[in-house]
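Work through the exercises below with the structure open. Try each task before reading its solution.

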Amino acid sequence: MIVDINPQNFHAELIDASMKKPVVIYFHAPQMPECQGMTPLIESLVGPANAEVTLAKVDMNDPQLQPLASQLALRALPALVLFHQGRPDEQAILEGPQDEATLRQYFSAFAPKEEELLLEQGKEALAADDAKTAHARLSKAHQLAPSRHDISLWLAQASLELNLLEEAQALLATVPMVAQDDHFQTLSSRLALALQASDSPELRALELRHSENPGDDTLSQELAVLYSQVGRQEEALALLFDILKRDMAFGDAKKTFLDILTTMGTHPAAQQYRRKLYSLLY
């Protein structure tokens, strides 16, 4: 965000705004060659490229704004001063012309971390009913910041959308009591219902038949499909892989196997079973 400071908006756009996020004041004079060279570069480093900071431009040709530079004891233009929580940060002041590398380093301190970007992308994908993309983005964010409980919760939501119940259960188990907010409670309820459905009488009856006839590939395939439908993908993959080891062309075993891998995305178990399948194919 870029704003032009004037005597009327000074308090709202500088003092008040800095209570919410960092504000960098840019003291400049448009007629100065040094400012003409720096202004476009600075503006490119803020705005859409760096939404975590506001650039507040102060035109020193305005006599009503000149006292601000005097209060900060600035000695040269152009100048950059960080304001945070209503106060200037004396350790974040740049005076005089600066090269591109220095400016990039200065503004990089306000850039969002990669896990923040991935978290937002994951949440947007969930809102668009694209659970697979959401799971991939949130998994990477979780790898970068495993202690971020908010990321764990959103990843658990993506896991539930993909019926990855064991993964969702493991993620929710890591959330401490202090972070168990409404989002956590909603996901816990969804997981409980899903786990209840995963142990239906129909499933138990099929498991019994399979245990009595372990060599029946038709029963194994049927049980694998049911497992995949109730979120027990790893068990489904194990059954299907046993079939494929005996007969790669049996029924829909290969197609179902690949479909399950697709829904699991970057899940470690999916990567493991992909390698196993490649070992059979090649």
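Contact here means heavy atoms within 4.5 Å. The model is a predicted one.

**Exercise 1. Which residues does Met264 contact, leaving aside its neighbours within four places in sequence?**

Solution. 
- Step 1. Set aside the neighbours within four places of Met264 in sequence.
- Step 2. List what remains: Met264 is in contact with His135, Leu164, Gln233, Glu234, Leu237, Ala269 and Ala270.
- Step 3. Gln233 and Leu237 are among the buried residues of helix 12. His135 is a buried residue of helix 6.

**Exercise 2. Check the span of helix 12 and name what its buried residues pack against.**

Solution. 
- Step 1. Take the 14 residues of helix 12, residues 233-246. At 1.5 Å a residue they should span 20 Å.
- Step 2. Compare with the model. The end C-alpha atoms are 20 Å apart, so the span agrees.
- Step 3. List the buried residues: Gln233, Ala236, Leu237, Leu239, Leu240, Phe241, Ile243 and Leu244.
- Step 4. Name the partners. These buried residues pack against helix 10, helix 11, helix 13 and helix 14.

**Exercise 3. Where do the buried residues of helix 6 fall, seen down its axis?**

Solution. 
- Step 1. Identify them. Ala131, Ala134, His135, Leu138, Ser139 and Ala141 are buried in helix 6.
- Step 2. Look down the axis of helix 6. The buried residues fall within an arc of 165°, so they line one face of the helix.
- Step 3. Recall the geometry. An α-helix has 3.6 residues a turn, so residues three or four places apart point the same way.
- Step 4. Find the cover. The buried residues of helix 6 are covered by elements including helix 5, helix 7, helix 8 and helix 13.

**Exercise 4. Is Asp217 buried or exposed?**

Solution. 
- Step 1. Locate Asp217: it sits in helix 11, residues 217-229.
- Step 2. Apply the cut-off. Buried means under 20% relative accessible area.
- Step 3. Read the value. Asp217 has a relative accessible area of 13%, so Asp217 is buried.
- Step 4. Beyond four places in sequence, Asp217 touches Ile243, Arg246 and Phe250.

**Exercise 5. In what order do the five strands form the sheet, and which are the edge strands?**

Solution. 
- Step 1. Write the order: 1-3-2-4-5, in an open sheet with mixed pairing.
- Step 2. Find the edges. Strand 1 and strand 5 each pair on one side only.
- Step 3. Inspect one pair. Strand 4 and strand 5 are antiparallel over five bridges. Leu80 stands opposite Leu94, and Val81 stands opposite Ile93.
- Step 4. Examine the turn. Two residues lie between strand 4 and strand 5 in this hairpin. Gln85 in the turn has a positive phi of about 55°.
- Step 5. Helix 4 lies across strand 2, strand 3, strand 4 and strand 5, at about 5° to strand 4.

Note on methods. Residues numbered from 1 in each chain as written. Predicted model: local features only at pLDDT ≥ 70, side-chain atom pairs only at ≥ 80, totals over all residues. Heavy atoms only, no water. Helix = DSSP H or I, 4+ residues; strand = E, 2+ residues; numbered from the N terminus. Buried < 20%, exposed > 50% of the residue type's maximum accessible area, 1.4 Å probe, protein only. Arc of directions from axis to C-beta. Expected span 1.5 Å × (residues − 1). Pairing = 2+ DSSP bridges. Axes fitted to C-alpha atoms, helices over the stretch in contact; angles between N-to-C directions.
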